[in-house]
Amino acid sequence: MSTSVQETVPKRRVAIIGGGLVGALAVLYFAKRGWQVSLFELREDLRVPENKKNLSHRSINLALSARGLSALKRISLGLDDKILEHVIHMKGRMIHLGEGKLKSQLYGVFGECIYSVEREILLELLLNTAATFTNVKMYFQHQFKRCNFDDGILEFENKKTGNPFQDSADLIIGADGAFSAVRTQLMRVVRMDYSQEYISHAYLELTIPPRVNDKGEEEFAMDPNHLHIWPRHSFMMIALPNRNKSFTCTLFMPFENFDALKTEDDLMEFFRKYYADSIPLIGEDQLKEGYFRNPRGSLMSIKCKPYHYKDRAVIIGDAAHCMVPFYGQGMNCGFQDVEMLNGIFEEYEILAVQSSDKLALALEEFTKRRHPDAIAICDLAMYNYIEMRSSVVKPWYLLRKRIEETLYWLFPTRSIAPLYTMVSFSTMRYSEAVQRWKRQGFLLNVIGVSILTTVTAASIWIGYYRFRRI
């Protein structure tokens, strides 16, 4: 279609429900493609200073890795460079073994790292960038109520005034999180397979404040270039660094463990037993206050299919695949959703102008291509909780990790690569990473058993030789 014809044909309208990180990035991609974009968000505009104090209690830092950076870079607005000015590099895990013992486990063989980034800073960057586009309108404090996908009619309630509001769109995108209202509406018109699983563990956030050095200056109380983990087999605590030199700690453990800590004495006895080195870092008074004041959160995994309806709607991010947070891929996966959807639009030559193109086929392809990856990362996230809270201190895990990393260091272009490298430091499809991991697992186990057998045999021979000399 020629440029002159495109200018006279009405532009397509897309309504994006959910103004979180994934929804805000989707706004930018569609705006860049030339669509008329409307963003609807239930919460207040966090860019307004007086609204920041009303933000819900959510972890202020996230782990940004290769997939998220790729999506920020692909849109060619300099977002990747801008956000990297506000991150803290984390090169590995720092394992707190107890009794003051620490063990660093690097993430990457070649110095790769992930980035601790504050949710608020990243979201403000995306929303401020969106505000520079003349084809973008943003509606805050608008609650999505229902829609007619075929007619493209959406109904909202303005939570500030209480008045109803109606809009129309050619395409509706649900980026409204794990409890997606768009997904609920989608279930009415498609035969959606849907599963939801709560895990038996809850989480609670605590804070390690900055410490003051001899010069009276605030500094980090621990190494800021690690993600700190206190693995205790059936539960754990982690800590991520913030730019204000504090750490956000998250305690993960079964609900019954939380319920058992009813008094301050119970709490302190528990922490002295399992997290003694964290008490002076958090502060005893702050620990008691934070534990009994801060809310506990539940953790769940959601899988569903399909993600689309005809050429009228599609869901992305947590609305399509909610995962537990133990691989640090929730945001990165959601960002990759947007990048992949954009790539499919390019493949199918989906234009911003009204036309009888292959939009329905493009959305169907998104479901077909993305669903295996979503299943893979949801399962990996669940698996990684076991690794983080328990496996990281087990000899067999450490041996296999050392073998895997050595082989990858020697032959980086060959088939063997650490699973964490494939997930966090590449944009390889999650499903392909899992397949490669399973294929190389047998070989690694054989090598590991061979090493253990050799070491055992050598030890027996040396012992026998020494005995004979006696």
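Residues are classed here by relative accessible area, with buried meaning under 20%, exposed over 50% and partly exposed in between (1.4 Å probe, protein chains only). At 33% relative accessibility, Glu 284 therefore counts as partly exposed. The structure is a predicted model, in which local features need pLDDT of at least 70 and side-chain atom pairs count only at pLDDT 80 or more, while totals for chains, interfaces and linings use all residues. Residues are numbered from 1 along each chain as its sequence is written, and side-chain values use heavy atoms, with hydrogens and water left out.

Of its 470 residues, 53% count as buried. Among contacts in the chain with a separation of 6 or more, 71% come from residues 24 or more positions apart, where contact means heavy atoms within 4.5 Å.

Glu 284 belongs to helix H10, and a helix pair gives this residue its setting. Helix H8 (residues 264-274) and helix H10 (residues 284-293) pack at an angle of about 115°, with their axes 11 Å apart. Axes are lines fitted to C-alpha atoms, for helices over the stretch in contact, and angles run from 0 to 180 degrees between N-to-C directions. H8 and H10 are therefore roughly perpendicular to each other, given that angles under 35 degrees count as roughly parallel, over 145 as roughly antiparallel, 65 to 115 as roughly perpendicular and the rest as oblique. On the H8 side, the contact is made by Glu 264, Leu 267, Met 268, Phe 271 and Arg 272, and on the H10 side by Glu 284, Leu 287, Lys 288, Tyr 291 and Phe 292.

Not counting residues up to four places away in sequence, Glu 284 touches Met 268, Arg 272 and Ile 279. The C-alpha atoms of Glu 284 and Phe 271 are separated by 9.9 Å, the two residues being 13 apart along the chain.

Elsewhere, Ser 246 lies in the loop between strand E17 (236-241) and strand E18 (247-254). Ser 246 counts as buried because its relative accessibility is 6%. Its side chain and that of Asn 244 are joined by a polar contact of 2.6 Å, that is, a pair of N or O atoms within 3.5 Å; within protein, one must be able to donate a hydrogen and the other to accept it, and residues adjacent in sequence count only if both atoms are side-chain atoms. Leaving aside neighbours within four places in sequence, the contacts of Ser 246 include Thr 207, Pro 209, Phe 220 and Leu 240.

Technical notes:
Helices (H or I, at least four residues) and strands (E, at least two) are DSSP runs, numbered from the N terminus.
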